[in-house]
Amino acid sequence: MSVIDHKCPNCAAVLKFNPTTQNWKCEFCKGEFTLEQIKASEEKYGKKLEQEDIITEKDKDGMKIYKCNNCGANIIMSKNTAATSCIYCKNTAIIKDNLVDEFSPSMVIPFKKTKEEAINEFVKIGKGKPLMPKVFSDKKNIEEMSGIYIPFWIFDYNSVSDAVFDTSRVKTWASGNYRYTKTDKYKVNISGNMEFDKIPVDGSVRFQDDIMNSIEPFDYNELKEFNYSYLSGFLAEKYDVKSEDAETIARKRAENSSLDELRQQVNSSGYSTVINSSKNININLESKEYILLPVWMLNIKYKDKIYTFAMNGQSGKLVGDIPVDKKKAVLTAVLIFFGSFIILTLINLVIRMVLK
Amino acid sequence: MRKIFYIIIINILLLSAFALKVDASTNTYTRTESNLRVPNDVSTNNKANIYRTPSVDEDEKIYDFAKIISDYDEKLLFEKIEEFIDEYDMDMVVVTINKSEFGTAMSYADDFYDYNYFGKNKTRDGLLLLIDMYKREVAISTSGHAILVYDDNRIDRMLDYLETDLGYGTYYDAVDTFIENATKYAKKGIAPSNKNAYIDENGDIVYVSPFPWFMIIVISIIITVVTISILLSRHKQIKKSSTAKYYLKSINITNREDKFITTFTTSTIISSSSSGSHGSSTHRSSSGRSHGGGSRRF
């Protein structure tokens with residue numbers, strides 16, 4: 001097995017990807033390089049910093065150990081890890097075996113939000129949430145945030161759909177002492193062809209699908225051809241959800257949307273009720289891709305339970321279910337109740353005094 | 001013969017004198033520029049209305065210009081009215097007319113009350129019944145405290161009785177039932193619909209916003225529940241996506257057919273709301289004072 005790193009064309013130190021400039025930065029000589037410059041340098045001065053046989057595999061528990069090529073420490077990692085860093089010297093390690101052949105992603109959206117930006121965004125999460133427990137706004141906890149390239153399957157579909165809707169138009173008017181209600185019933189047959197572009201499905205079992213759903217959408221215009229270099233400085237996973245399993249999820253979403261769109265078409269002609277009575281939706285898979293998407297992840301422990309937060313590493317959209325501090329909730333409720341009670345009583349007194 | 005003639009003359013004189021005495025109940029006084037004969041607290045801006053309203057002796061209470069109630073009946077009714085006035089500290093006036101008068105029966109009733117010295121206390125509490133034989137209309141005008149006692153509902157019910165009796169031409173019964181009803185309601189006191197109202201020093205009805213303790217508690221609970229649920233809703237941010245609308249690149253409707261199937265029409269009676277808690281509706285008379293009450297044709 002092998003570990004890859006990129007070395008600085010100037011001083012041969014390890015390079016890290018900089019989300020702000022979308023370039024690579026050497027932390028020692030402060031030089032910054034584009035992907036082309038790194039490629040050119042690597043062609044000129046020999047291969048990437050690639051070391052063979054550093055990994056010693058331990059199939060037990062599905063864990064692996066690798067020896068850091070910078071400080072020699074033994075690092076334990078999950079078998080799905082594609083990129084990580086040494087916990088002692090922070091040196092990046094990209095595990096090539098988890099990114100080749102079938103595990104080779106075709107594209108990647110590089111991180112756009114730096115860790116500082118992600119932390120600053122997270123600090124604001126407590127705004128307007130007085131019932132949030134204190135640990136969630138503690139900067140010490142927030143700094144545990146890690147940037148992970150999460151494996152995603154993306155699917156393109158075209159759909160051919162037919163559906164029948166029972167609809168009605170209702171008109172009411174008053175005449176004399178009577179109110180009349182006229183109901184016109186219709187049957188609407190509608191067919192349509194639709195194209196869906198890059199429906200994403202989280203390809204990692206470790207991350208909950210609904211959290212990944214909640215940080216959508218990603219702007220696919222910024223998809224780049226995959227290069228190992230983007231992973232330097234971040235963590236990465238390889239997929240462990242097969243594309244066939246992921247596809248059923250995406251297919252269902254396309255199916256639901258196809259019917260929704262037809263319903264909306266019918267609805268827009270001013271019907272009072274629109275009820276679907278039959279449907280025939282054919283979803284055809286056009287293409288699928290395996291890509292990596294940038295996500296800032298944070299786990300915070302509160303009362304023996306772990307709460308996961310995720311931020312779209314591209315758009316900055318932050319989601320997570322925040323628990324409620326029950327003591328705070330009760331206290332706030334009592335305060336609001338007595339506050340409004342006192343204010344209303346005062347208003348009442350003033351009204352009485354003014355009128356009498 | 002001469003003696004008989006004298007006796008007849010004397011009798012006629014006596015009778016006429018007696019008749020004059022009885023007829024005194026409908027006697028009116030002349031209003032002049034220097035003496036308009038209106039109460040001090042009434043505005044004199046509407047001179048025309050003042051001049052056209054008869055000035056009467058306010059103690060007689062029954063002014064039967066239309067002559068539809070016999071003198072004997074008048075006496076009976078007068079006693080009952082006096083009893084009412086003493087008991088409930090409100091004035092009561094009965095007026096009948098059979099001449100064409102300006103304005104509506106209602107406005108005539110208001111003016112008759114305002115431009116004579118009727119009403120108890122500062123707010124001139126009391127009520128007036130007008131039977132207009134010319135327009136065949138009956139009106140009740142309330143003033144001061146009586147506005148609170150006789151709300152729209154009660155006035156309506158009193159007019160119902162009046163309408164029936166007057167329709168039959170039993171005028172004594174009409175007035176008698178009116179006094180009876182007025183007494184019944186006066187005994188009950190202020191109408192429930194006017195619980196939160198009072199009469200200010202100008203005689204106007206003022207509604208106090210109903211804001212009792214339990215209302216304050218209920219509103220406070222609602223505010224608390226709404227605020228807490230808004231706060232709690234901000235804590236749930238993770239939602240599963242079951243559709244893919246964002247990823248829809250193109251849509252092309254290839255066929256659409258809207259087939260008409262059937263139509264049907266239903267009708268329901270519009271129920272007129274009769275909650276009966278409107279309180280008392282008031283209007284202003286030509287003098288600018290507030291009156292309650294109502295009128296009806298018979």
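Which residues does Met212(A) touch, not counting residues up to four places away in sequence? In this predicted model, Met212(A) touches Ile150(A), Phe152(A), Asp202(A), Phe207(A), Val295(A) and Met297(A). Met212(A) is also one of the residues that touch the most other members of the largest nonpolar core, a set of 89 residues. Another core lies apart from it and has 35 residues, including Leu129(B), Ile131(B), Tyr150(B) and Ile155(B).

Phe122(A) leads on to helix α2 of chain A, which spans residues 115-123 and has Ala118(A), Ile119(A) and Phe122(A) as its buried residues. Viewed down the axis of α2(A), these buried residues fall within an arc of 100°, so they line one face of the helix.

The pocket holds about 1,100 Å³ of space and is lined by 37 residues. Nearest its centre lie Ser85(A), Lys115(A), Ser146(A), Gly233(A) and Leu235(A).

Strand β12 of chain A, residues 146-175, is also the place of Ser159(A). Ser159(A) counts as buried because its relative accessibility is 1%, below the 20% cut-off. The side chain of Ser159(A) makes a polar contact of 3.1 Å with the side chain of Ser258(A). Leaving aside residues up to four places away in sequence, Ser159(A) touches Ser258(A) along with Gly192(A), Asn193(A), Met194(A), Phe196(A), Asn282(A) and Ile283(A).

A few backbone details deserve a look as well. Most residues other than glycine have a negative phi, and most peptide bonds are trans. Against that background, Glu216(A) and Pro217(A) are joined by a cis peptide bond, with omega about 0°. Pro217(A) sits in the loop between α4 (209-214) and β14 (224-225) of chain A. Asp304(A), a residue other than glycine, has a positive phi near 65°. Asp304(A) belongs to the loop between β16 and β17 of chain A, and with 74% relative accessibility it counts as exposed. In chain B, Arg136(B) is not a glycine either, yet its phi is positive, at about 50°. Arg136(B) is found in the loop between β3 (126-132) and β4 (137-143) of chain B. At 32% relative accessibility, Arg136(B) counts as partly exposed.

Chain B as a whole contains eight helices and nine strands. Of its 298 residues, 43% count as buried. Among contacts in chain B between residues at least 6 apart in sequence, 69% link residues at least 24 apart.

Conventions:
Residues are numbered from 1 along each chain as its sequence is written. Chains are lettered from A and ligands numbered from 1 in the order in which they are written. This is a predicted model: local features need pLDDT of at least 70, side-chain atom pairs count only at pLDDT 80 or more; totals for chains, interfaces and linings use all residues. Side-chain values use heavy atoms; hydrogens and water are left out. Buried means under 20% relative accessible area, exposed over 50%, partly exposed in between (1.4 Å probe, protein chains only). Helices (H or I, at least four residues) and strands (E, at least two) are DSSP runs, numbered from the N terminus. The arc is that of the directions from the helix axis to the C-beta atoms. A polar contact is a pair of N or O atoms within 3.5 Å; within protein, one must be able to donate a hydrogen and the other to accept it, and residues adjacent in sequence count only if both atoms are side-chain atoms. Contact means heavy atoms within 4.5 Å. A nonpolar core is a set of buried Ala, Val, Leu, Ile, Met, Phe, Trp, Tyr and Cys residues joined through side-chain atoms within 4.5 Å. On a 1 Å grid over the protein atoms alone, a cavity is a set of points where a 1.4 Å probe fits but cannot get out, and a pocket is an open set with protein on both sides within 12 Å along at least five of seven lines; lining residues have an atom within 4 Å of a point. Grid points are joined across faces, edges and corners, and a volume is the space filled by probe spheres set on the points.
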